[in-house]
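Biologist: I'd like to go through this model with you, one question at a time. Can you start with the terms we need?

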Amino acid sequence: MTATPLAKTADTGYAQRRAQVAKLIGPHGIAIIPTAPEQQRNRDSDFLFRPDSYFYYLTGFTEPKAWLVITGDGKTSLFCQAKDQEREIWDGYRLGPQAAPAALGVDAAFAVAELDAQLPGLLDGRDAVWYPFATHKGLETRIDGWLGSVRARVRYGTLCPEQQRDLCGLLDEMRLVKDAHEQATMRRAGQISAGAHIRAMQLSARMLRAGQEVREYHLDAELLHEFRRHGSQSPAYGSIVAAGANACVLHYRADAGQVRAGELVLIDAACELDGYASDITRTFPANGRFSGPQRALYELVLAAQEAAVAAARAGARFTDPHEASVKVLAQGMLDLGLLERNKVGSLEDVIEKRAYFQFYMHRTGHWIGMDVHDCGAYTEPSEIGQVSTRKDALTGDLIKDRPARILQPGMVLTIEPGIYVRPAAGVPAQFHNIGIRIEDDAIVTASGCELITRGVPVLADDIEALMRS
């Protein structure tokens, strides 16, 4: 089924973004951006359509089969589905080319059926054609065909672009710093997602108190209900609802695992709202009461997150929160006996040799925005030429290190340390099969960062109090 288009207008910033692209590609450049293709789920049923993030960022338009063309002189053209009364009965409303300029602020709009006829003329006289590389299967071939049509008429005075340039880099830099409208949308998405986590926590304790069987899918259903109840279009990613030992599987998916009193539940789930993702992880005792070993590990992960949050501020490096959390986690692993000092050495040795990797094997965060793992370079563009080489302590591979990105106000990242204890020789049995992750979304500010997902409790005592209610 086709999604109903959002009636976005130029005043939400799309026109300004298109103007910025026109400036960046130069006066004789042309940019071509398609939306995402519709994806078949099975037989004659499609997945719910979701527009391409680059395309949506520049248009706010949610219909499939659409293309945006921006020329260096600032003119924008939209190619979209023509109005068709019969198809609209089956698939839903279409904006149509006639209404698109007023609704979306583009200069011109055409039926998408005219794309092949129009593009050679739009390419004529341009010095470079920009498009997102390696993002749409067959796009390069399509553009080659249009360029071939231009070249075929050079004896008649046409001029064919001599360069093909990747548009991703330009758009990635634009998208990396979120404007006020984007931040407001992400705050709202975080609020909705926080409410969903609260519902799942409370349901788990309530059903167990009533002596009812609880499965992971029961909690997943609460999440989905809360997302949609508040207007979210979909989950931002496949929800992770992992009970007991399942929490030690990083990309576990909500399934039919039994939720048992005395075990922890890890939920990594959040909604997407108007094209923007949120991303929250909470870990809680299924029946609302932490055991001693569970609380010890939970408090360690929370301390690691607090250290990472303190390190996330404008002027710091993207890697600073990760390094801060690793230091806390590594010390905690030594203190709790997960790592034996006589085998792994000092805290500095644990960090240098990555001995903590047995229990913590992922980074502490990533960019988040229109995509849950959002675009944007993790290296500092102004220092890209500074390269050092080191040997990885675990694999022996040679790693090229470049200076990490300097954080700026308006960048948004997740902060998500964790600990995952699988049974192994030398690992204290009281910690076996405990998996904990705590994740929040943070907007970088001049003085620190704003956590926009703390509508769901994070302190152990607060989680227990919530689950008693």
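Biologist: Where is the place of Ser447?

Modeller: Ser447 is exposed, with a relative accessible area of 73% (exposed is over 50%, buried under 20%, partly exposed in between, with a 1.4 Å probe and protein chains only). From Arg390 it is 57 residues away in sequence and 33 Å away in space, C-alpha to C-alpha. Its place is in the loop between strand S22 (440-444) and strand S23 (449-451).

Biologist: What is the mean pLDDT of the protein?

Modeller: pLDDT is the predictor's confidence in each residue, from 0 to 100. Over residues 1-10 pLDDT stays under 50, and where pLDDT is low, the predicted coordinates should not be read in detail. For the protein, 98% of residues reach 70 or more, and the mean pLDDT is 95.

Biologist: In which order do the six strands form the open sheet?

Modeller: Two strands pair if DSSP finds at least two bridges between them. In this sheet the pairing is mixed, and the order is S6-S5-S4-S1-S7-S8.

Biologist: What angle does the direction of helix H1 make with that of S4?

Modeller: Axes are lines fitted to C-alpha atoms, for helices over the stretch in contact, and angles run from 0 to 180 degrees between N-to-C directions; contact means heavy atoms within 4.5 Å. Helix H1 (residues 14-25) packs on the sheet, touching S1, strand S4 (67-71), strand S5 (76-80) and S7. With the direction of S4, that of H1 makes about 55°.

Biologist: Why are the buried residues of H1 on the same side?

Modeller: The buried residues in H1 are Tyr14, Arg17, Arg18, Val21, Ala22 and Ile25. The arc is that of the directions from the helix axis to the C-beta atoms. These residues sit on the same side of H1 because they cover an arc of only 145° around the axis.

Biologist: Is strand S16 enclosed or open, and how many of its residues are buried?

Modeller: Both faces are covered: Thr281, Thr283 and Pro285 are buried on one side, Arg282 and Phe284 on the other. S16 also pairs with strand S13 (residues 264-268) in the antiparallel sense over five bridges. S16 (residues 281-285) is largely enclosed by the rest of the structure, because its buried residues number five of the five.

Biologist: What is the phi of Asn433, and what is its relative accessible area?

Modeller: Asn433 lies in the loop between strand S20 (418-421) and strand S21 (434-437). Its phi is near 65°, a positive value in a residue other than glycine. Asn433 is partly exposed, and its relative accessible area is 37%.

Methods: Residues are numbered from 1 along each chain as its sequence is written. This is a predicted model: local features need pLDDT of at least 70, side-chain atom pairs count only at pLDDT 80 or more; totals for chains, interfaces and linings use all residues. Side-chain values use heavy atoms; hydrogens and water are left out. Helices (H or I, at least four residues) and strands (E, at least two) are DSSP runs, numbered from the N terminus.
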